[in-house]
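Hello,

Here is the structure I promised to pass on.

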There are 2 protein chains.
Amino acid sequence: MFKELDPLLHSQLRLGIMSLLLGLDSADFVFLKEKTDSTAGNLSVQLDKLSEAGYIQIEKSFKGKKPLTTCRITKKGIKAFEDYVNSLKTYIK
Amino acid sequence: MFKELDPLLHSQLRLGIMSLLLGLDSADFVFLKEKTDSTAGNLSVQLDKLSEAGYIQIEKSFKGKKPLTTCRITKKGIKAFEDYVNSLKTYIK
DNA sequence: TAAAGTAGTTTATAATATAAACCAAAAATT
DNA sequence: AATTTTTGGTTTATATTATAAACTACTTTA
């Protein structure tokens with residue numbers, strides 16, 4: 001009947017992050033924060049969860065003197081997103 | 001960018017309930033429990049929430065000697081579901 | 001008549017999302 | 001040059017949620 005919805009992706013903010021990353025080579029913390037209209041704290045936590053699940057890869061460096069957190073979606077993340085969308089389709093016709 | 005996802009519908013079980021009710025005139029508790037593969041407790045709670053939001057209408061009666069809980073989606077519920085699906089589309093392309 | 005099943009509700013618990021508070025460094029202001 | 005503000009985050013606390021467990025009331029079956 002209905003397929004399970006990956007709880008890691010069934011979250012507004014995490015889904016937004018993944019949606020953005022899917023269409024880009026990479027995105028940094030500030031960009032994601034602006035596009036998802038989230039608070040830094042919430043974003044930080046959700047990025048960690050996606051990273052721990054292996055759905056994204058996080059690289060910390062510096063841009064000049066400022067910290068720079070760069071995120072990329074992984075193959076596993078792409079697969080998970082696709083599966084999630086397919087599962088969703090069992091609910092929305 | 002991304003539209004808000006109605007938190008009342010952004011829940012696996014409640015979305016499943018609404019999805020079922022959308023395609024039927026009505027459905028009873030036992031039917032919904034089987035189709036959504038949920039526990040009675042969880043189903044009871046989630047039906048109440050949908051009902052309190054005005055997304056469904058619940059009617060309690062008896063079928064012979066057994067209690068019968070019949071649910072129907074309301075116009076408001078249909079609208080909310082449609083809005084939810086449209087919002088989702090901003091995330092899944 | 002005792003045990004098991006049906007159709008639920010209520011309550012407790014675990015997980016989640018989110019915000020608030022915090023930190024270190026850099027940049028801007030006085 | 002000292003103080004304030006901003007930037008780019010992390011950590012911790014809180015409120016909400018989902019879920020399961022426990023319970024109720026009645027019915028059916030053995």
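Below is what I found in it, starting with how to read the model.

This is a predicted model, where local features need pLDDT of at least 70 and side-chain atom pairs count only at pLDDT 80 or more, while totals for chains, interfaces and linings use all residues. Residues are numbered from 1 along each chain as its sequence is written, chains are lettered from A and ligands numbered from 1 in the order in which they are written, and side-chain values use heavy atoms, with hydrogens and water left out.

Let's begin with DNA strand D. (A residue is near a strand if one of its heavy atoms lies within 4 Å of it.) The side chain of Arg14(B) has an N or O atom 2.4 Å from a phosphate oxygen of DNA strand D; for the side chain of Ser11(B), the corresponding distance to a phosphate oxygen is 3.5 Å. Pro67(A) places a backbone N or O atom 3.3 Å from a sugar or linking oxygen of DNA strand D.

Now to Ser19(B), which sits in helix α1 (residues 12-22) of chain B; helices are DSSP runs of H or I, at least four residues, numbered from the N terminus. Ser19(B) counts as buried because its relative accessibility is 17% (buried means under 20% relative accessible area, with a 1.4 Å probe and protein chains only). Its side chain reaches the backbone oxygen of Tyr91(A) at 2.7 Å.

Best wishes

Note on methods: Helices (H or I, at least four residues) and strands (E, at least two) are DSSP runs, numbered from the N terminus. Buried means under 20% relative accessible area, exposed over 50%, partly exposed in between (1.4 Å probe, protein chains only). A polar contact is a pair of N or O atoms within 3.5 Å; within protein, one must be able to donate a hydrogen and the other to accept it, and residues adjacent in sequence count only if both atoms are side-chain atoms.
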